[in-house]
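Hi everyone, thanks for making time for this. I'd like to walk you through a few places in one structure, so please have it open and follow along.

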Amino acid sequence: MEALIENFHINVEETRNQISHHIKHSFPTEASLPQCHMALASIYHDVQNLYDAIPIHVQGIHEHAIDNDENIWGVMVENCKQKACQLARNLCQRVTATEKKMKIVDHHESLDSQAAVAQIVELTIRLVTMNEHEHEQPHQQQQQHVNHNDNHNETINEITKQYTSYQRALLRNRSKPSIANVAQIRKLANESSLTVAEYIHELQIIKESESDLHNHQQRQQQKHNGMDEEEYKRYHKQPYAHSITVILGEASSLLHPLMMWQDGIHGMLSQLHASTTSNGSDSTTSTNDVNVNANQRRIHHTEQNIQMILMEMCNDAIQTIHQEAQHLCITIGNWFVEDTVFNNETSSSAASASAAANNKNGCINLTILDNTLDEMAYVCQVIHRYCDFSRNIPIDNSATTTAAAATTTTTLKQHLHEQSLHYSTTETKLTTANLVQAFKLATPVELVLGSEIYVPSIVEDAYFISTRALERASGTLENKAIWTIALWVVDIWSTDDLPNGGMDGDGSDGKSVCHALMNQKGCTVEQNVFQTQGAKNDAVDLGDKSNSSTSNNTSGKNALSSFSSALLDAFDQDIMDDNHHQRSKKNTAPKSGPSSLLLKAPLSGTILKAPLSGSSLLNGHNNVDVRKVQMDTQFCTLNGINAASSACKGLVDLFDSLVASSSDDDDGSRRQHNREDEDQQSISMIKFAKEQLESHSRSYTNLLSAQVKHIVFDWCGSVLDKSCEPPFIASLPQSPCIHRIFYYISHEVYNLDSNTFHQAETDERLDRLLISPLKDSRLMTQIHKGKCDEGVTLCFAQELSNQVLSLMLSTILEQKKSFSDWGSLLLSKQIRLLEHFFCSIILKENHDDGGVGIVGDFTADGFNTSKILYHFQKIKQAMTILQLDKPSDWSSYAMGDISENHLSREEIKSVMQLRCDWSIDVINAICSS
């Protein structure tokens, strides 16, 4: 016993000297605190050994038995314990000191130091509570120890309060530099009469113009401060986000060990409770076992009291850190909201003057707004992640700590909703401003350089703006922000309601991409097509190409060409006079004669009209082909509509991926927590936004088909009455291609014998009369030059094939052409030629310029010939019927009315009646059976 006491005093002196050295130098190294902890742990074990060496009948001695000589060893052990307690309390008070005159002990980068502080506090509590609760006192002695127990409780409360205050001071000390940086920037911005965002932007411009030497010095300072390059940039460019990240990051680093410690204490208490219950329930034990169990219960009781004290201390520390983190974060967040309230106008006169000098006012404001939105999204993400981390922290509304008292009733989750709403509002403002800017700067751009496929820049700009907004909204991890921006993006691509009225109130741009496209904003392709003589010769032809273009060097043919031009001008003048005369008649039905057979729609009757007014075409440029510019503008608009449809599909795919990644981030928390009603509402809104984008994509496709139909109507003409043969003028090269084909079909004879069939089915004749009107038309010439995107080309091929084939079938039926079996073979060859021609449009065959083969990706939708072949089904059915040997052979085929693209029963009967060698009675019998 004497040796143990002597060894204890030696260790106490050595430990006191070691601790005094570290305290004097303010714990200079990361190993200082672990060394103090190990020394204090050695003293604690010595005290335990002393208590174990005391005879059992004198254990549990207290201060009231000091005069009892029999308990001298107990008194000596108690004195040793008091010395150890005093040493431990002095060390604990110093390492957890928060007074301003003392430096806070904080080795930030060392987890061992933080653990050492917690272990020092635990050892101090264990020394204070050692041997205090091992014996139950007799009833007559309890009153004598009331004051002693009160002092003991006050000591424990003081230690736990010190540790809690120390954790709070650690958080504030670590967050202080970043908070001070925000305060300094706000002060300097206020002195400069600038907003914080403008001041940071101006500061970055100045820093970018500094010398490399200064940048090297900054990098060295950055390394000295312990920041990596990304953190250093955020420290200067996004001070609010950096400050909130530091606050919540440091709070998380302090909370996580405490929460782990708390879980360990909870497990220990469960084990102690289970062990005590099992020992107390065993009734078949001897006297010695009873004594052993009593000692175990005594030890368990003491350990349980210590663990309860540690549990309470952990709860207080966790609650204090969490409340302080909320308080600091909400304060910085309110500063951020206050300093980032943007107006549509320039935010300061100084910035306006500076920007106006550089003629970049709008660009600077949008750049500042974009950088601020990046910071807002990052702030929302950091707060959201901390809220997920702190879900298991109970909110103690009855806390009376300083941090809880300083914290307002606004919780961090509510503040996150405020930040998310502020972000969404600002994001929609930036999106609107960028769209207005894109509408003002709209211009045709080549889809691929050198391809002559022009697309309005509005579509690409709007897609970039939408993608940027969705990606940034997804970065917030807030479902409400995501679906708010998603709905706004849906409005950008909306095809609903197309009244005139612009986003900026001038009624010129529209409020969406669809409005801008229908107003042909940025679609006018103005080119000088008279740079070469060949281009000039092409431009002289106002309608279709002439088939006699091979004789360019003969003067006689030039004279003939001049005469033909004069003759055609005279015909055009007569037609115009005739049309004017017909329009002057009121309340009279149109004639069924040749003058009313053909119809060419006026250009003003379509939505897509040439934007000649206000363009440079009428500003003295006499060498511009207005018709070519008009067609190129229409092509550009159609390419834009097709690109808008693809953009909506791309946004749906992007939206799916962003939402999936966001939900993956939330999986860990959603395993433990059921989805709230708000989450269900957000998911429903997100699905609604996706469905709307898919609907808009289909609407753009339908709009493309409608506009293609209008353009084909404008440039290729149309036929109203197919029952009468057209006049001669419909066959002239200058006539629209639909009129020329109608003239050819109307005058074609199908009641042929073998000799006349061989004359009619020659390739040169069919190519000249049937294919050349289509191939040489101005519309098809430009399409063959590759001025349309694949989807637009497919739409043109579909519409033209539908028009031509419907015209052929209707003309044959209404004019009741007489067919022989040789005539049906001629019709079959005509159909094959048309099928090859229309399929070659989308497969991009070109044999005239020396090209070979087929170019294209057959997996793409633009190269799908099935959509072309679909329109051939009716006329192929009619061809099959006309090629039968007798009407009864049709009974082995379907009788019609199977689908909308099959011949009806009445049409089948009409086709059969065209065969000159079939009996009407037989046909009626077959069709009625």
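**A walk through some helices**

Let's start with two helices: helix 24 passes helix 28 in a right-handed crossing. Do keep in mind that what you see is a predicted model. Helix 24 covers residues 737-747, and its axis lies 10 Å from that of helix 28, at an angle of about 30°. Angles under 35 degrees count as roughly parallel, so helix 24 is roughly parallel to helix 28. Who makes the contact? On the helix 24 side, Ile738, Ile741, Phe742, Ile745 and Ser746 take part, and they meet Gln803, Val804, Leu807, Met808, Thr811 and Ile812 of helix 28.

Helix 28, residues 790-814, turns up again at our next stop, as part of what covers the buried residues of helix 32. Helix 31 and helix 33 (920-928) are included in that cover too. Which residues of helix 32 are buried? Within this helix, residues 905-912, they include Ile908, Val911 and Met912. Looking down the axis of helix 32, you would find its buried residues within an arc of 100°, so they line one face of the helix.

Now, please find His871. It sits in a loop, with helix 30 (866-869) on one side and helix 31 (873-882) on the other. Is His871 buried or exposed? Its relative accessibility is 18%, and buried means under 20%, so His871 counts as buried. Setting aside neighbours within four places in sequence, His871 contacts Gln798, Ser801, Asn802, Leu805 and Asn901.

Next comes Phe837, in helix 29, which spans residues 821-843. With a relative accessible area of 6%, Phe837 is buried as well. Beyond residues up to four places away in sequence, Phe837 touches Ile771, Leu774, Lys775, Met780 and His784. Between Phe837 and Ala797 there are 40 residues in sequence, yet their C-alpha atoms are 9.4 Å apart in space.

Finally, let's zoom out. How many residues does the largest nonpolar core have? The count is 201, and the residues with the most contacts inside this core are Tyr163, Leu248, Trp493, Leu779, Phe796, Leu834 and Phe838. Helix 11, residues 287-339, gives the core its largest share, 15 residues. Take Tyr163 from that list: leaving out residues up to four places away in sequence, Tyr163 touches Thr96, Val117, Ala118, Val121, Leu258, Trp261, Met313 and Ala317.

That's my tour, and I'm happy to go back to any stop!

Notes: Residues are numbered from 1 along each chain as its sequence is written. This is a predicted model: local features need pLDDT of at least 70, side-chain atom pairs count only at pLDDT 80 or more; totals for chains, interfaces and linings use all residues. Side-chain values use heavy atoms; hydrogens and water are left out. Helices (H or I, at least four residues) and strands (E, at least two) are DSSP runs, numbered from the N terminus. Buried means under 20% relative accessible area, exposed over 50%, partly exposed in between (1.4 Å probe, protein chains only). Contact means heavy atoms within 4.5 Å. The arc is that of the directions from the helix axis to the C-beta atoms. A nonpolar core is a set of buried Ala, Val, Leu, Ile, Met, Phe, Trp, Tyr and Cys residues joined through side-chain atoms within 4.5 Å. Axes are lines fitted to C-alpha atoms, for helices over the stretch in contact, and angles run from 0 to 180 degrees between N-to-C directions. Angles under 35 degrees count as roughly parallel, over 145 as roughly antiparallel, 65 to 115 as roughly perpendicular and the rest as oblique. A crossing is left-handed if the near helix is turned anticlockwise from the far one by less than a right angle, and right-handed if clockwise.
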